[in-house]
Amino acid sequence: MMTYRRLPALAACLVMLCSLLPVLSSAKAKTANPPDVVRNAVTQFIVPAHQEFNDAAAQLANTMEGLCATPTTRQLQQARNDFDAIILAWSSISIIRIGPILEDNRLERLLFWPDRRGIGLRQVQALLVTKDPTALEPESLAKKSVATQGLAALEFVLFGTGAETLAQETQSFRCGYGRAISANINRISKDLLTEWQAKEGFAAQWQNPDPDHLHFRDSSEALSTLVSLFANGLAYYDTVEMAAFFGETPDNDRSRQALFRRSDNTLSLLQAGFSGFERFYKVSNLASLLPEGSGWIDDAIGFGFHHGGAALDRLSGPIADILADPPQRSKLAYVRTVVRGLGDNFGMDMTGALGLTSNFSSLDGD
């Protein structure tokens, strides 16, 4: 039975030994041409994830139109259900923090977070009070602060203070604002899907690196980017998404800082996000590139995904209740340990075994 928690010194030694083994040359030979794993990642995970997000965004935008035209309790509940669905779809999109989503401030426009000082919330609340008419049109809303036009803003519209009026007032400002947000999200989702499916551009260059390309000059750069999505993504999951509400001790917990806690989607996001990393890893088939003698890395990753996912699946309830319940909180602590271990598996172990260079993470400057 393998032990998940490895001594850091031993891990470092293993990575160093891997770099000295002659068999590593065979791993480099495998990456001499555009690796199939990158193509797998794009065609079997990234594009389907963006299609799912686009479908969810279109459904939500359509439901918001209906809610504003005919406000009822049932319509409001449907809008909230559709919001839950788009959050689940977002969990996979949020892993892919490269390429199209980093252009035109799309990432921030879709989700302005973390918002540690509550700037975004205050801006959304101010719009609802002043009833700024320019917030009712997607085109003009898109030119406003990124904090007022994405998923966090829409969550407050649908679940925040005063949201019950959405089921009572026809063509209310609040509903019109929510409708504009959903239309804006839908437009961004279409642009993202179009760019990931394009025959030229970022996705094409990633799958077909070339010395003359802007983004990827060789297959090693392409593969490094893929591995870094896991290492950096798991670091974000740990140090931003979980650390926002999970303190070093129970006294330091901050449940009100949890992402999507108003809609009770914090746990759903964590579960779906973790599951997304596992699916992404499996469909990309990264393990197939590991040189002989490095199979233990794949075993460790599989162990982490299995047990971390099982711990998350055993949690239930709003995040505040989970943090207040010692047995459930201990499971969350275990998940953080697993996530950090997986981050090392990708950022150190796999990177070293494949002879790659870690890509820069935006978290390094936090």
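## Helix packing and a buried arginine

With a relative accessibility of 7%, arginine 336 counts as buried. This residue is found in helix α15, which spans residues 326-353. Leaving aside residues up to four places away in sequence, arginine 336 touches Asp238, Met242, Ala243 and Phe246.

The structure is a predicted model. The chain has a mean pLDDT of 90, and 88% of its residues reach 70 or more. Over residues 1-34, however, the pLDDT is below 50. Beyond near neighbours in sequence, this stretch has 50 contacts in the model.

| Helix pair | Axis separation | Angle |
|---|---|---|
| α3 (residues 36-69) and α4 (residues 73-93) | within 9 Å | roughly 165° |
| α8 (residues 151-159) and α9 (residues 173-197) | within 10 Å | roughly 150° |
| α3 and α12 (residues 266-284) | 8 Å | about 135° |

**α3 and α4.** The axes of these helices cross at roughly 165°. Angles over 145 degrees count as roughly antiparallel, and α3 is therefore roughly antiparallel to α4. The crossing of α3 past α4 is left-handed. Sorted by class, the residues in this contact comprise 16 nonpolar, seven polar and two charged.

**α3 and α12.** Helix α3 also packs against α12, at an angle of about 135°. Because of this angle, α3 is oblique to α12. Here α3 passes α12 in a right-handed crossing. On the α3 side, the contact is made by Val37, Asn40, Ala41, Gln44, Phe45 and Ile46. Helix α12 contributes Gly276, Arg279, Phe280, Val283 and Ser284. By class, this contact has six nonpolar, four polar and one charged residues.

**α8 and α9.** The axes of α8 and α9 come within 10 Å and cross at roughly 150°, so α8 is roughly antiparallel to α9. Their crossing is left-handed. From α8, the residues making the contact are Leu151, Ala153, Leu154, Phe156 and Val157. Their counterparts in α9 are Arg174, Tyr177, Gly178, Ile181, Ser182 and Ile185. The class composition of the α8 contact with α9 is eight nonpolar, two polar and one charged residues.

Definitions and conventions:
Residues are numbered from 1 along each chain as its sequence is written. This is a predicted model: local features need pLDDT of at least 70, side-chain atom pairs count only at pLDDT 80 or more; totals for chains, interfaces and linings use all residues. Side-chain values use heavy atoms; hydrogens and water are left out. pLDDT is the predictor's confidence in each residue, from 0 to 100. Contact means heavy atoms within 4.5 Å. Axes are lines fitted to C-alpha atoms, for helices over the stretch in contact, and angles run from 0 to 180 degrees between N-to-C directions. Helices (H or I, at least four residues) and strands (E, at least two) are DSSP runs, numbered from the N terminus. Angles under 35 degrees count as roughly parallel, over 145 as roughly antiparallel, 65 to 115 as roughly perpendicular and the rest as oblique. A crossing is left-handed if the near helix is turned anticlockwise from the far one by less than a right angle, and right-handed if clockwise. Ala, Val, Leu, Ile, Met, Phe, Trp, Tyr, Cys and Pro count as nonpolar, Asp, Glu, Lys and Arg as charged, and the others, Gly among them, as polar. Buried means under 20% relative accessible area, exposed over 50%, partly exposed in between (1.4 Å probe, protein chains only).
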